[in-house]
There are 2 protein chains.
Amino acid sequence: MTVTGEHRPIRSPVDDGGARRTAAGRVLAVLDAFGPAHRTLTLSEISRRAGLTLPTAHRLVRELLTWGALERDDAGRYSVGLRLLELSALAPRGLGLRDAAFPYLEDLHQTTLGNVHLGVRDGLEVVYIEAIRARVRKPVDSHVGDRWPMHATGTGLVLLAHADRELQEQVLSSPLTRFSPLTVVDPDELRRRLALVRKTGVAVARGQITVPDIVVAVPVLGRRGEVAAAISVVVEADDARPRELAAVLTEASRSISASLTA
Amino acid sequence: MTVTGEHRPIRSPVDDGGARRTAAGRVLAVLDAFGPAHRTLTLSEISRRAGLTLPTAHRLVRELLTWGALERDDAGRYSVGLRLLELSALAPRGLGLRDAAFPYLEDLHQTTLGNVHLGVRDGLEVVYIEAIRARVRKPVDSHVGDRWPMHATGTGLVLLAHADRELQEQVLSSPLTRFSPLTVVDPDELRRRLALVRKTGVAVARGQITVPDIVVAVPVLGRRGEVAAAISVVVEADDARPRELAAVLTEASRSISASLTA
């Protein structure tokens, strides 16, 4: 079951022919042309999706190719290159955090047999820094780098519950996507749930994205005691034991926080 | 023990004041300012490292910040942002390959208790797409996105052995870094070893980077039967059983290849 990708928020559309944008804006537009449904593109597809003339797209693609941000396959199609993976590994909230958390996430995965996620907030959304998919159950098809609305994910609810009031209201007043019949999209109900997350230290949600899943999530504290990330386990609802899951998650979270502050 | 970062090849130095470069080149220079030893930078550090005037650096940093390629912390220092992780997840040879391989790498890790690497060739080097560090032994400090010379790593030797003759000679005629007293840097000796890798299907090397490690590596075949990647296990040499490691690696490699072509 693929639930990722289709629902991902569309980035701001290109609003001119490329001429009104800055030079940096045109470079970034070439990169923005790529997405989960557009992993490999021809030059003319890049030109069209980026809203650039073919000569401009050609010139920028050539520079990005030389630098390693893009790769070209034998058929002449372009895709994202490894230099960006190398660069993204430098993000303090990215693969560094993932590295520190990984042993504990792997344990969680072995113990719970569920999908394990490590997410951080980026703007109004949550981005998965790690996603270990269950092998025995029908897995949710989550991947590193996936971006989700906060109201519908366990890690997102935790991060939203601990965000500034202003940011919470910004999220709650924006259009809230319904992914399943169970997705909570009522702002008042969400406010109540966020208060409960703050009170209990745990988010528990059922079928928010795929039914009959249940997700249990807890915060991970950073160096200064702030909520730096959230971890979650997704299992099938049938045999879920939310309280036990919360206990192993809290234990894992403490270990990750300790290794971050070490 | 940290062996990564210090030895990473220096990227081509900035050769002008920023004025002679293209607009795209200046954007990429800002990103190039970041590195394993430079994960967070002030604006003036970016300006200096990128070879750009302060106003130009300021303008580009602001655009990259808005786009999400950079983040700014409370102290006003900049680092690589999550948008680049999201983008790098689209690389066909990156996290996609890593996702397909992950369950088998996790098994390898559990079975061998060693450091497990998944590497692909990028230019004249190998880049780690996954690195699972051993928890029981003194781990080699490898990370996703790490870039290494091919002659000194297990995955690199496998990838080099199966590369074009021309590329092999390009690598063998370039300066070969000696990481440990055991690192093989003699081109003729390396040619013999590469022939052996091709003949046996396995690379075995001792202490090439850290003594007393031993690495065993095998190729992973892609859709068209080409060598698409390599996987390796690094263990301490004392109790290494290279033949057994080669057997479990070969088994894992077959499973990964099968899942890639499925």
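This is a predicted model: local features need pLDDT of at least 70, side-chain atom pairs count only at pLDDT 80 or more; totals for chains, interfaces and linings use all residues.
Contact here means heavy atoms within 4.5 Å. With that cut-off, 100% of the interface residues of chain B are also interface residues in chain A, so the two copies meet through the same surface.

Two copies of a chain are related by a rotation about an axis and a shift along it.

Now the interface. On the chain B side 61 residues are in contact, and they touch 62 residues of chain A. About 5200 Å² is buried between the two chains, and carbon and sulfur atoms give 57% of that. In chain B the residues that lose the most area to chain A are Leu82(B), Glu86(B) and Leu90(B), together 13% of what that side buries.

Next, the polar part. Between chain B and chain A there are 12 salt bridges, and 19 residue pairs are in polar contact across the interface, with both residues at pLDDT 80 or more. Several elements of chain B give two or more residues to this side, including helix H1 (23-32), helix H3 (54-67), helix H4 (82-88) and strand S3 (115-122). The largest share comes from H5(B), with 9 residues. By class, the chain B side has 29 nonpolar, 11 polar and 21 charged residues.

Side chains of opposite charge can pair when their charged atoms come close. Which pairs do that between the chains here? One of them is Asp32(A) with Arg83(B), a salt bridge at 2.6 Å, N to O. Asp32(A) lies in helix H1 of chain A and Arg83(B) in helix H4 of chain B, so this pair joins two chains. Asp32(A) is partly exposed at 26% relative accessibility, while Arg83(B) is buried at 4%.

Another is Arg93(B) with Glu71(A), at 3.1 Å, N to O. This pair also crosses between chains, from the loop between H4 and H5 of chain B to strand S1 (residues 70-72) of chain A. Arg93(B) is partly exposed at 26% and Glu71(A) is buried at 16%. A further bridge links Glu130(A) and Arg98(B), at 2.8 Å.

Some of these residues belong to a network of salt bridges: Asp32(A), Arg93(A), Asp122(A), Glu125(A), Arg147(A), Glu71(B), Arg83(B) and Glu86(B) are linked. Over all chains the structure holds 38 salt bridges. One of them, Arg241(A) with Glu244(A), is at 3.8 Å, and Arg241(A) is exposed, at 53%.

Two local points to finish. Most residues other than glycine have a negative phi. Leu113(A) has a positive phi of about 60°, and it sits in the loop between helix H5 and strand S3 of chain A. Leu113(B) has a positive phi near 60° as well, in the loop between H5 and S3 of chain B. Leu113(A) is partly exposed at 40%, and Leu113(B) is partly exposed at 39%.

The other point is Gln168(B), in helix H7 (residues 165-172) of chain B. Is Gln168(B) buried or exposed? At a relative accessible area of 6%, Gln168(B) is buried. Its side chain reaches the backbone oxygen of Leu160(B) at 2.9 Å. Among the residues that Gln168(B) touches are His162(B) and Arg198(B).

Methods. Residues are numbered from 1 along each chain as its sequence is written. Chains are lettered from A and ligands numbered from 1 in the order in which they are written. Side-chain values use heavy atoms; hydrogens and water are left out. Buried area is the accessible area (1.4 Å probe) that two parts lose on being put together, summed over both. A salt bridge is a side-chain nitrogen of Lys or Arg within 4 Å of a carboxyl oxygen of Asp or Glu. A polar contact is a pair of N or O atoms within 3.5 Å; within protein, one must be able to donate a hydrogen and the other to accept it, and residues adjacent in sequence count only if both atoms are side-chain atoms. Helices (H or I, at least four residues) and strands (E, at least two) are DSSP runs, numbered from the N terminus. Ala, Val, Leu, Ile, Met, Phe, Trp, Tyr, Cys and Pro count as nonpolar, Asp, Glu, Lys and Arg as charged, and the others, Gly among them, as polar. Buried means under 20% relative accessible area, exposed over 50%, partly exposed in between (1.4 Å probe, protein chains only). Lists of a residue's contacts leave out its neighbours within four places in sequence.
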